[in-house]
Amino acid sequence: MFDSTTRTMVVVGAQWGDEGKGKLVDVLAERADWVVRYQGGANAGHTVHIGDRSFVLHQVPSGIMHPGVRCAIGNGVVLDPETLFIEIDKLVADGIDVEGRLYVSERAHLVMPYHKLLDKASAASKVIGTTGRGIGMAYEDKVARRGVRVLDLRYPTRLRELVAAGVERANAQLERGGAAERASVETTMQVLEALTPRLMAIAEDVGLCVHRAIKSGAAVLLEGAQGSLLDIDHGTYPFVTSSNTTVGGAATGVGISPMSIQSALGVVKAYTTRVGNGPLPTELDEPLHTEVRTLGNEYGATTGRPRRCGWFDGVVVRYAARVNGLTGLAVTKLDVLDTLPQLAICTGYRVNGELYTEFPADLQMLEQAVPVYEWFDGWRQPTQDARRLADLPSAARAYLDRIEALCETPISYVSVGTRRDQIIGVDARA
Ligand code: GDP
């Protein structure tokens with residue numbers, strides 16, 4: 001919550017993504033002056049429900065739904081200009097005023113058409129389960145110091161050189177992989193030239209803008225994508241995304257000092273999900289797995305892929321709380337568990353008979369990990385109308401109390417439905 005002492009806040013996923021960050025950002029943006037995305041790209045898929053309309057935002061920060069809030073895409077994001085403008089045009093067609101409120105960092109790297117071709121053709125994308133949107137390929141080029149940044153669009157000759165080198169590399173790779181498609185310099189240049197005027201009109205030194213906003217006392221919300229366990233350094237490597245999703249990435253991905261961040265809200269589901277391969281120690285068995293997936297409508301907002309579901313993993317969230325320095329938790333989708341007779345929370349893992357309560361870096365250990373569970377009675381009544389903690393059944397409160405204690409982080413919000421108003425705020429604690 002923004003107040004006189006908390007003016008800069010990060011909202012970060014504290015599991016494997018899809019925790020409901022879009023809804024929390026939407027709720028918090030009401031009091032924000034700026035909402036800024038700091039990493040990821042068009043692979044993010046934040047869903048915001050307003051009344052009976054729903055909006056899926058891929059690159060545009062969720063704050064755009066609030067008139068008057070300024071939104072920015074930071075340097076840490078890899079920007080797909082083609083889909084950005086499709087997204088903007090759709091928002092405008094839906095009556096959302098975007099003009100003069102959305103900026104992109106001139107330092108942000110561009111996802112090029114050839115990155116997308118490569119991603120779709122790549123075998124790795126199938127193993128890691130990438131979204132095929134060229135995000136990882138764009139980050140690879142960024143780290144290899146051969147990427148194309150927004151500001152490069154100002155210099156057509158230099159741009160053509162960068163594109164020609166990129167297309168050549170991509171085509172060699174496509175040929176080696178036996179793919180039928182090829183990238184073309186001319187087509188790539190045509191795509192970029194058509195987008196350049198619109199893109200340059202919103203290109204800014206976002207770090208400077210946000211710095212000035214912070215100095216002037218503005219409320220600034222930094223919006224994370226994916227989740228902490230997908231962080232390139234701190235996640236379940238190599239089953240991770242290509243950027244630093246955790247709070248450290250917020251400072252570098254916007255271009256502000258880490259010292260200016262005052263709070264970090266970790267968004268967690270009341271259970272656990274993950275998309276694609278990689279460890280998920282608390283994964284449910286059938287038929288409960290399908291039941292929870294159906295109850296929670298656990299299908300990707302971007303890809304439609306079914307999500308894997310598990311019990312709440314306290315080891316994971318405690319780890320995320322530590323790495324991010326979480327100052328509060330937002331527990332979402334509590335209502336999804338309303339009908340279950342019994343629930344479990346994982347408090348540790350047993351590996352070769354030994355108990356571990358800290359999340360290991362070693363994937364081999366995670367694969368062998370046998371979760372240690374505490375069992376809870378289900379509340380078996382609807383929670384969607386609760387607006388204060390006191391409205392929740394006592395069994396639901398006991399479940400939340402255990403999450404709070406185990407993760408050593410106070411719960412600031414509990415979300416009990418998709419709608420904006422279906423939320424319990426910390427102010428309503430008493
Ligand atoms: P994000 O990427 O973290 O923003 O998460 P997504 O938008 O991909 O997934 C969250 C999904 O859960 C969206 O469809 C939300 O509308 C929905 N959601 C968020 N909070 C709640 C909640 O408390 N209850 C229910 N039933 N759905 C929720």
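Helices α3 and α6 cross with a left-handed sense in this predicted model. Helix α3 covers residues 113–121, and helix α6 covers residues 156–176. Their axes come within 10 Å and cross at roughly 15°. Angles under 35 degrees count as roughly parallel, so α3 and α6 are roughly parallel to each other.

| Helix | Residues in the contact |
|---|---|
| α3 (residues 113–121) | Tyr 114, Leu 117, Leu 118, Ala 121 |
| α6 (residues 156–176) | Leu 162, Val 163, Gly 166, Val 167, Ala 170, Gln 173, Leu 174 |

By class, nine residues of the α3 and α6 contact are nonpolar and two are polar. No charged residue takes part in the contact of α3 with α6.

Next, the aromatic rings. A search of the whole structure turns up seven aromatic pairs. One of them joins Tyr 349 and Phe 359. The ring centres of Tyr 349 and Phe 359 are 6.4 Å apart, with the planes at 65°. Planes over 60 degrees apart count as edge-to-face, so the pair of Tyr 349 and Phe 359 is edge-to-face.

Where do the two partners lie, Tyr 349 and Phe 359? Tyr 349 sits in strand β16 (residues 342–351). Phe 359 sits in the loop between β17 (354–356) and α12 (363–368). The pair therefore ties together parts that are ten residues apart in sequence. Tyr 349 and Phe 359 are both buried.

Ring pairs also link Trp 311, Tyr 373 and Trp 375 into a cluster.

Terms used
Residues are numbered from 1 along each chain as its sequence is written. This is a predicted model: local features need pLDDT of at least 70, side-chain atom pairs count only at pLDDT 80 or more; totals for chains, interfaces and linings use all residues. Side-chain values use heavy atoms; hydrogens and water are left out. Axes are lines fitted to C-alpha atoms, for helices over the stretch in contact, and angles run from 0 to 180 degrees between N-to-C directions. Helices (H or I, at least four residues) and strands (E, at least two) are DSSP runs, numbered from the N terminus. Angles under 35 degrees count as roughly parallel, over 145 as roughly antiparallel, 65 to 115 as roughly perpendicular and the rest as oblique. A crossing is left-handed if the near helix is turned anticlockwise from the far one by less than a right angle, and right-handed if clockwise. Contact means heavy atoms within 4.5 Å. Ala, Val, Leu, Ile, Met, Phe, Trp, Tyr, Cys and Pro count as nonpolar, Asp, Glu, Lys and Arg as charged, and the others, Gly among them, as polar. Rings of Phe, Tyr and Trp (its six-membered ring) pair if their centres lie within 6.5 Å; planes under 30 degrees apart count as stacked, over 60 as edge-to-face and the rest as tilted. Buried means under 20% relative accessible area, exposed over 50%, partly exposed in between (1.4 Å probe, protein chains only).
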